[in-house]
Amino acid sequence: MKRALISGITGQDGSYLSELLLSEGYEVYGLIRRKAKEDFGNVEHLKNQIHFIYGDVTDLASLILALRESNPDEVYNLAAQSFVKASWDSPLSTAEINALGVTNFLEAIRQVNPKIHFYQASTSEMFGKVQAIPQNEKTPFYPRSPYGVAKLYGHWITINYRESYGLFACSGILFNHESERRGLEFVTRKITHAIARMVVQGDKTPIELGNLNAKRDWGHSKDYVKAMHLMLLQAKPDDYVIASGETHSVREFAYEAFKCAGIEIEFKGDNENEIGVNKATGEILIKVNPKFYRPAEVELLIGDASKAEKVLHWQREIDFKTLVKLMVENDINLLKNA
Ligand code: NAP
Ligand code: F7E
């Protein structure tokens, strides 16, 4: 039986990856941080099938112990301070986790068992102020946030350990991927959850958003964790862009999400004065609040995953409209059943 150790297992991707690996007969170990109140996050439903080990990616000793205890064939490093906006508030801890945490894992693997196959969760945020459209594995990086900068270090140290010590270390440069399990602070879930409050609870408070013009390449997490796994099953380690190849603005996401709830929204005004109103009733549903702007923005992301499609035979199954529909329906059902 193959064994995998996942950091970040309580998060969105950790939960879908756990389901995938368990379905393939893996023994799954999860690194979790100790909390005052026990909380398994998105893997609550799997807690009896996973072996949990306390640890933290900023603590090298805990990673060495976790590797000794789990003796894994594969390690997936998904742990991160993953909210870009918060990285300006906590730039140093973001760097400790997202940058140095990666070196800790690589160093632990080098010392305990250099044969382990290692996956690093790199990100399209490394492209930041994009230098080419679309972005692929050869596109130069230009990160625009402490998050992006820290992740770029994690990306290069992964390549460096591969080249220096021959570790089987891969980086997946994943573009935005969302799901019914997405954190509520990310723009997609913030919108779908607010729509559910409006539809189910009659909440009249408009959704306050920042930059509606930002464009993202959005896919579903369930599709993207399959790519992580495929990378570690190859004969040779390499880095891959994983993306849908489509881009949509935050405004388009909101339009589509309201449509899924049976509401047609119309946008009026511009910049800070832009509002989204219910076309049928005139009620204000969306307002811009500059509080949600970022000190430096990533305006446009669109990925080219042709290498992954060719080498890994990876294909996404859930398209943009289906993703939005799944998220809206899930949030409505969650509130109806609450
Ligand atoms: P997420 O839901 O925010 O999950 C992050 C996970 O990291 C949580 O389980 C969290 O545990 C854990 N964590 C944070 N700090 C840690 C530390 N010091 N030691 C150990 N664990 C720690 O993120 P996600 O969306 O699943 O993303 C997974 C990974 O992919 C992240 O590295 C993210 O940066 C990267 N990524 C995400 C996307 C995307 O669009 N989702 C795109 C590209 C790359 P707690 O429960 O203890 O907080
Ligand atoms: O923002 C704009 C915001 O926070 C998307 C993480 O998983 O993907 C994610 O990072 C866009 C930005 O995700 C609001 O300015 C407008 O342009 O949902 P987000 P993100 O920053 O793209 C990458 C690939 C990762 O690696 C990260 O870990 O939406 N936006 N108004 C807003 N964003 C938020 N959060 N809230 C708003 O009100």
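Analyst: What follows covers the surroundings of the two ligands, and the model is predicted.

User: Start with ligand 1. Which residues come nearest?

Analyst: T10, D56, S82, Y147 and K151 come nearest, out of 25 residues around ligand 1.

User: What do the side chains of T10 and S82 do there?

Analyst: An N or O atom in the T10 side chain is 2.6 Å from an oxygen atom of ligand 1. For S82, a side-chain N or O atom is also 2.6 Å from an oxygen atom of ligand 1. K35 has a polar side-chain atom 2.9 Å from an oxygen of ligand 1.

User: How much of ligand 1 does the protein cover?

Analyst: 88% of the 900 Å² of accessible area that ligand 1 has on its own.

User: Which elements give two or more residues to that shell?

Analyst: α1 (12–23), β5 (117–123) and α5 (146–165) do. β5 gives the most, with 3 residues.

User: Now ligand 2. Which residues are closest?

Analyst: S82, T123, Y147, R294 and E297 are the closest of the 23 residues that surround ligand 2.

User: What about polar atoms at its oxygens?

Analyst: T123 places a polar side-chain atom 2.7 Å from an oxygen atom of ligand 2, and R182 has one at 2.8 Å from an oxygen atom. With V187 it is a backbone N or O atom, 2.9 Å from an oxygen atom of ligand 2. The protein buries 96% of the 700 Å² that ligand 2 exposes when taken alone.

User: How do the residues of that shell divide?

Analyst: Into 9 nonpolar, 6 polar and 8 charged for ligand 2. The shell around ligand 1 has 10 nonpolar, 9 polar and 6 charged.

Terms used:
Residues numbered from 1 in each chain as written. Chains lettered and ligands numbered in written order. Predicted model: local features only at pLDDT ≥ 70, side-chain atom pairs only at ≥ 80, totals over all residues. Heavy atoms only, no water. Near = heavy atom within 4 Å. Polar contact = N/O pair within 3.5 Å; in protein donor to acceptor, adjacent residues only side chain to side chain. Areas by Shrake-Rupley, 256 points an atom, 1.4 Å probe, with all protein chains shown as cover. Nonpolar A, V, L, I, M, F, W, Y, C, P; charged D, E, K, R; others polar. Helix = DSSP H or I, 4+ residues; strand = E, 2+ residues; numbered from the N terminus.
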